Amino acid sequence: MNVYVPDGYEQFSCLMGACRHSCCKGWEIDIDDSSLQVYQALEGPLGERIRKSIDTDGENPCFRLQAGDRCPFLREDGLCDMILEGGEGLLCQICADHPRYRNFYSGRVEMGLGLCCEGAGRMLLSRQAPAAWHLFEGEETKEDLTEEERDFLCWRGEMIALIQRRDLPLFQRVNRIIPEEEQDHLWDYLPLLMGLEHMEDAWPDLLSDLQRHPRDWQGAALPEWLEIPLEQLLSYLFYRHLPGALWDGREEGRIRYCLLMLQLIGALCARHAAQGEMDFSRLVEFCRLYSGEMEYSDENIDCVLDALE
Ligand code: SF4
């Protein structure tokens, strides 16, 4: 199976203690079967501590979170006790994988780094060269794809190439994907987005702030420095979310979803620029919140896709 990753993937490293929104807080951490077996057999005080931290009451065994929904192995300095005492090899699948996501085809896997991770967001959004992907494992000549998958990859490649046409302003590139008069308007979708299940209160707060101050973002010009980061964001969205069309046939809906999410992040940037509060860290933070709220909830994405039909 061939595995593809975005350029720069190999340089990613966790921010660890410097991460302001550690993934070791606020998320349920399910333990996969093979890690559970390792933990059950692990000798010594670390094995004992790990076993005491596992909650087996629910559907899946998971780590019993501490106050503030913190992983029991997360130290005050942001480092992980399990890694420090037992090495990275002891991490359960979910922790070892994060923030990676995967899309599966018959003969390839596309892997990427999710924007819910601050370190990944900084890396992906600060890249100056157009986003590109390369073979990470396997042999290109031996890739076994269905005709439908090949057609899909060609189509998505054309969409991404359009988005990366830097001789045009970003909004004109977007208009070539869907003509302006046929595009969806964020304003119409704000009530739906605000009503979705959310993890962090900061997200609905940001959305309701947009609803209260439409003049700051509707039709507002964005600071020029955002052109490249927003192009990177849209390339990421296309790469990550369009493959789902192979299973649900919602090609147009998924394009519309990506453009709506671009509009949403653009509106947040415009609103904060109007207040003189916009910088790169805020962009990373908006994308982190977006990803955590939407990309980890199939239900939320489906709700938006249904509404876009
Ligand atoms: S969110 Fe990313 S940078 Fe932060 S602790 Fe998790 S993997 Fe590391």
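A search of the whole structure, a predicted model, turns up two cavities of 30 Å³ or more. A cavity here is a set of points on a 1 Å grid over the protein atoms alone where a 1.4 Å probe fits but cannot get out, whereas a pocket is an open set with protein on both sides within 12 Å along at least five of seven lines; lining residues have an atom within 4 Å of a point. Grid points are joined across faces, edges and corners, and a volume is the space filled by probe spheres set on the points. Because the model is predicted, local features need pLDDT of at least 70 and side-chain atom pairs count only at pLDDT 80 or more, while totals for chains, interfaces and linings use all residues. Residues are numbered from 1 along each chain as its sequence is written, and side-chain values use heavy atoms, with hydrogens and water left out.

The largest cavity holds about 150 Å³ of space. Its lining has 16 residues, and Pro6, Leu124, Ala131, Trp133 and Tyr236 lie nearest the centre. Strand S5, helix H5 (118–126) and helix H10 each supply at least two of the lining residues, with H10 giving the most, four. Helices (H or I, at least four residues) and strands (E, at least two) are DSSP runs, numbered from the N terminus. By class, this lining divides into 12 nonpolar, two polar and two charged residues; Ala, Val, Leu, Ile, Met, Phe, Trp, Tyr, Cys and Pro count as nonpolar, Asp, Glu, Lys and Arg as charged, and the others, Gly among them, as polar.

The second largest cavity has a volume of about 40 Å³. Residues that line this cavity include Leu193, Met194, Trp203, Glu293 and Asn300. Helix H8 and helix H9 (202–212) each contribute at least two lining residues, and the lining comprises five nonpolar, two polar and two charged residues.

At least two lining residues come from each of H7 (170–177), H8 (186–195), H10 (227–241) and H12 (251–274). H12 gives the most, with eight residues. The lining contains 19 nonpolar, seven polar and five charged residues.

The ligand has its own surroundings, formed by Cys14, Leu15, Cys19, His21, Ser22, Cys23, Cys117 and Gly119; a residue is near a molecule or strand if one of its heavy atoms lies within 4 Å of it. This shell consists of five nonpolar and three polar residues, with no charged ones.

Two helices can be checked against the expected span, which is 1.5 Å times one less than the number of residues. The 17 residues of H6 (residues 147–163) should span 24 Å, and the end C-alpha atoms are 25 Å apart, which agrees. Buried means under 20% relative accessible area, exposed over 50%, and partly exposed in between (1.4 Å probe, protein chains only).

The buried residues of H6 are Glu149, Phe152, Leu153, Arg156, Met159, Ile160, Leu162 and Ile163. Their cover includes S5 (108–113), S6 (133–137), H7, H10, H11 (245–248) and H12. Arg156 has a relative accessible area of 6%. Leaving aside neighbours within four places in sequence, Arg156 is in contact (heavy atoms within 4.5 Å) with Tyr105, Glu110, Phe238, Tyr239, Leu242 and Pro243. Gln164, in the loop between H6 and H7, also counts as buried, at 17% relative accessibility. Not counting residues up to four places away in sequence, Gln164 touches Pro130, Ala131, Arg173, Glu231 and Ser235.

Finally, some backbone details deserve a look. A cis peptide bond joins His98 and Pro99, with omega about 5 degrees, and Pro99 sits in the loop between H4 (93–97) and S4 (100–104). Met16, a residue other than glycine, has a positive phi near 45 degrees; it lies in the loop between S1 (2–6) and H1 (33–41) and is partly exposed at 47%. Asp69 likewise has a positive phi, near 55 degrees, and belongs to the loop between S3 (62–63) and H3 (81–86), where Asp69 is partly exposed at 42%.
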